[in-house]
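Reader: I'd like to go through this one feature by feature. Could you give me the general idea each time, and then the case at hand?

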Amino acid sequence: MNDRHVALVRAFFEALARRDLAVMERCYHPDVSFGDPVFQEIEGRDRVMAMWRLRLGVRDGLHADFGDVAADEHTGTARWTARYAFGRTGRRVVDEIDSLFRFEDDLIVRHHDDYDFRRWSKMALGKPAGVLFGWTPMFRKTIRDRAHQALDEAS
C-alpha cells in the first residue's frame, strides 16, 4: 500500500465530486493519458482536462461518488459511480466505473475507466434503441465519433 498514491486518487475523486477542475488537473502528470469505452485514448493533460470539462458540463452536471481506493508504488484502482443526464436524450444514466491508474513522479500518468457500454446504452437511449443497437460496433463508433468531435470543439 502506498499512502501517497491512495491520497492522490482520493484527492482526484473528491475534486471530481466538487467539480473542482483545478485540483483534478494538479493530480495529473503533464503526459497523462486517459481511456474509456467512449473516448478510448486521449493524450496530454490539456486534452484530458477538456474531456472532463465536457463531462462536468452535461445538462444537470455529473455527480460522482467513489470508494474502494487502493494503490501501490506504481498502480492504483478505484470504483466510482457517475450520475448524469445524457445530453442527446436527457435520460438519466448511472454508471458503475472501475478505474485503473499508473503513477509517475507521484502524479497520475495513466487513467483508464471501464464500464459496461451495453448497460450504458440502455440507460442513455432507453428501450428498444439501447437494447437493439447498444452492442453494435457501428453504434459505438457513432458515439465515439460524436464524443471526439465535441472534444475537438472544446479543446
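Reader: Which residues of H1 are buried?

Author: Some ground rules before that: this is a predicted model, where local features need pLDDT of at least 70, side-chain atom pairs count only at pLDDT 80 or more, and totals for chains, interfaces and linings use all residues. Residues are numbered from 1 along each chain as its sequence is written, and side-chain values use heavy atoms, with hydrogens and water left out. Buried means under 20% relative accessible area, exposed over 50%, and partly exposed in between (1.4 Å probe, protein chains only). Helices (H or I, at least four residues) and strands (E, at least two) are DSSP runs, numbered from the N terminus. In H1 the buried ones are His5, Val6, Leu8, Val9, Phe12, Phe13, Ala15 and Leu16.

Reader: What span does H1 have from its first C-alpha to its last?

Author: The expected span of a helix is 1.5 Å times one less than its number of residues. H1 covers residues 3–18, 16 residues in total, and reaches 22 Å, close to the 22 Å expected.

Reader: Where is glutamine 40, another residue with positive phi?

Author: Most residues other than glycine have a negative phi. Glutamine 40 has a phi near 55 degrees and sits in the loop between strand S1 (28–35) and strand S2 (42–43). With 40% relative accessibility, glutamine 40 is classed as partly exposed. Aspartate 106 also has a positive phi, near 60 degrees; look for this aspartate in the loop between strand S5 (92–104) and strand S6 (107–114).

Reader: How many salt bridges does a search of the whole structure find?

Author: A salt bridge is a side-chain nitrogen of Lys or Arg within 4 Å of a carboxyl oxygen of Asp or Glu. The search turns up 11. Aspartate 106 turns up again here, linked with Arg4 and Glu73 in a network of salt bridges.

Reader: Which residue forms a salt bridge with glutamate 41?

Author: That's arginine 110, with the closest N and O atoms 3.0 Å apart. The pair links distant parts of the chain, 69 residues apart: glutamate 41 is in the loop between S1 and S2, arginine 110 in strand S6. Glutamate 41 is partly exposed because its relative accessible area is 43%, whereas arginine 110, at 16%, counts as buried.
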